[in-house]
Amino acid sequence: MKIIVNGKEAGTKQKGCALCGGTWGDYYEEIDGEKLFFCCDICALEFINMVNEVKKRSNWSRIDELIINGNYYTGRTCSAKNGNREYKFYVKFNDDAGIETFKELS
């Protein structure tokens, strides 16, 4: 999965956390068969919850590309791609890494 966080490629220790782009920490999670870097377990859980929500709502089995803009405080405006299909959404998480707000965008 190609991941862009606030304009920069992410998902590896060198490039940054797959959710926030941070380079501190040392947490990895396997998602859709790919080992992704996260700064912490909270970001990993938020990312997993977000990916699962997109898959549920879009009926996709996988996401090829995920573009994330924003942060924890303002929420994130995102675009997920599967082949030539695109799903745009806004997501904000609560303190327990759960989804507080999820809106489909057109």
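Let's start with the aromatic pairs: a search of the whole structure finds 6 of them. Rings of Phe, Tyr and Trp (its six-membered ring) pair if their centres lie within 6.5 Å, and planes under 30 degrees apart count as stacked, over 60 as edge-to-face, the rest as tilted. Keep in mind that this is a predicted model, where local features need pLDDT of at least 70, side-chain atom pairs count only at pLDDT 80 or more, and totals for chains, interfaces and linings use all residues. Residues are numbered from 1 along each chain as its sequence is written, and side-chain values use heavy atoms, with hydrogens and water left out.

Which one is buried? Phe-37 is, with a relative accessible area of 0%, while Tyr-28 is partly exposed at 34%. Here buried means under 20% relative accessible area, exposed over 50%, and partly exposed in between (1.4 Å probe, protein chains only).

Now turn to Phe-89 and Phe-102, which are stacked, 5.0 Å centre to centre with 10° between the planes. Phe-89 sits in strand S7 and Phe-102 in strand S8 (residues 99-105), 13 residues apart; strands (E, at least two residues) are DSSP runs, numbered from the N terminus.

One last stop, back at Tyr-28: Lys-35 lies over the ring's face, 4.9 Å from its centre. That label requires NZ of Lys or CZ of Arg within 6 Å of the ring centre and within 35 degrees of the ring normal.

Terms used: Helices (H or I, at least four residues) and strands (E, at least two) are DSSP runs, numbered from the N terminus.
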